[in-house]
Amino acid sequence: MSIMAPAADKKLTGLVAATFTPITSQGEINLSVIGPYIDYLKEKQGVNNVFVNGTTGESMSLSVEERKLLAEEWCRKAKGKMDQVIVHVGCLSLKDTQELAHHAAQIEADGIAVIAPSFFKPSSADVLRTFLQEVASTAPTLPFYYYHVPSVTGVNVNVRELIEGIEKVIPSFRGVKFSGSDLMDLGQCISYIPPHWSVLYGIDEQLLGALVMGVHGAVGSTYNYVGCHVNKLISAFETGDLVQARTIQFKIQELVSFAIKLGFDVGVNKQLMNELSGLDLGPPRLPVMTCPAARALAIKQKYDSIFPE
C-alpha cells in the first residue's frame, strides 16, 4: 500500500459526538476530563466516534496550541476505545489550518475536517476547493472532510458543486459534514459520491429527513446526551419502523424547540451536558456567556419529562 494512500480508510458511519471542550473555572483547557468523557460517551450513550474542536468545541475561541493539546489528548485517550477521532482543523488563517492538519497527521487522528474561512470568505466553490486543497496537501494520508455550516460561516456554496471532481485535487477526500438545511443539495451530494465516501448530517433535530435522503451518519452536539435515543431512532429507521423513528425524532424536536425558546447557544448546551452527564466540562469561553443555572435546570427537567427512563 502506498504511504500516500489514506491510512485510516474506515468509512465513517453512525453517530459522531461533536465534543465540548472542558475548561476550568480559571478559563484554561482541562485535559483531565477527556478520559472520563470518552467512557461516558461509549458506556452511557453508545457513541463510538468523536468530532473534536468543532463548533460545539468552541474551536474558534481556542489558540492553535490549545487545539493541538486537546486533539492529542483525545487521540491518546480514545485509542482502543473509540472507532474514530475526527479533528476539526479549520481556522481563519490558511497557515494555522495547515499547521493543525499536519499536527493531526502526526498524532494519528483518524481524519480531519475543515470549515470554510468566514472573515474573508471564499467567493466561489472553486476558491473554497483551492483553500481545502492547500490544507489537505499538508496531511495527504489523512481522510479529509469538508465541514459545511453556512448558518455559522455565512459561506453558502453549493456543496454538490464544490465536490465535483474534488478527488482529483484532494485524493484523500472522504466526505462532508453537512450542517445545512438544503435537502436538495444534500441529496445531490449523496447521489454523486463514490461508495467509500461519507455524508454525515449535522442538524440533529432534522436527522430523520436526512436518513431518508441516504446520509451515512450524523455529527452533532446533542448526541453527547441523547445519543442512546438517536441510536434507537437509526435502528428503527433501518428496520423500517418509521412510526418509532418519528416518535423519537419528535421528542428530540420538542427538547430542542423548548431550549431554543429559552435561548440555546454553546454555553447553555455545555451546561446542559454538565447537568445530564455529571461531568465537569466547566464554563464556555468569552464571548460565549456562562449559562444561567435556572435555564439549564429547566431544560434538564424538560429532558427528564421527555425521556423518563
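Me: On what basis are residues numbered and values computed here?
Reply: Residues are numbered from 1 along each chain as its sequence is written, and side-chain values use heavy atoms, with hydrogens and water left out. This is a predicted model, in which totals for chains, interfaces and linings use all residues, local features need pLDDT of at least 70, and side-chain atom pairs count only at pLDDT 80 or more.

Me: At which residues does UniProt place the feature "active site"?
Reply: The annotation comes from an unreviewed UniProt entry. UniProt positions are given in the numbering used here, feature names are shortened, and annotations may be inferred rather than shown by experiment. The residues named in the record are Tyr147 and Lys177.

Me: In which strand is Tyr147, and in which is Lys177?
Reply: Strands (E, at least two residues) and helices (H or I, at least four) are DSSP runs, numbered from the N terminus. Tyr147 is placed in strand E5, residues 144-148. Lys177 is placed in residues 173-178, which form strand E6.

Me: Is Tyr147 buried or exposed?
Reply: Buried means under 20% relative accessible area, exposed means over 50%, and partly exposed lies in between (1.4 Å probe, protein chains only). The relative accessibility of Tyr147 is 2%, so this residue counts as buried.

Me: With which side chain does Tyr147 form a polar contact of 2.6 Å?
Reply: A polar contact is a pair of N or O atoms within 3.5 Å; within protein, one must be able to donate a hydrogen and the other to accept it, and residues adjacent in sequence count only if both atoms are side-chain atoms. Tyr147 also has such a contact, of 3.3 Å, with the side chain of Lys177. The partner at 2.6 Å is the side chain of Thr55.

Me: What is the volume of the largest pocket?
Reply: On a 1 Å grid over the protein atoms alone, a pocket is an open set of points with protein on both sides within 12 Å along at least five of seven lines, whereas in a cavity a 1.4 Å probe fits but cannot get out; lining residues have an atom within 4 Å of a point. Grid points are joined across faces, edges and corners, and a volume is the space filled by probe spheres set on the points. For the largest pocket, the volume is about 890 Å³.

Me: Which residues of the lining are the closest to the centre of the largest pocket?
Reply: The lining of this pocket has 40 residues, and helix H5 gives the largest share, four residues. The closest to the centre are Thr55, Thr56, Val152, Ser221 and Val266.

Me: Which residues does Thr56 contact, leaving aside its neighbours within four places in sequence?
Reply: Thr56 is placed in the loop between strand E2 (49-52) and helix H2 (64-78). At 11% relative accessibility, Thr56 counts as buried. Contact means heavy atoms within 4.5 Å, and the residues in contact with Thr56 are Ala18, Thr19, Phe20, Ser221 and Val266.

Me: Which backbone oxygen lies 3.0 Å from a polar atom of the side chain of Arg285?
Reply: Arg285 lies in the loop between H12 and helix H13 (293-306). Arg285 is buried, with a relative accessible area of 18%. The oxygen at 3.0 Å belongs to the backbone of Ser61.
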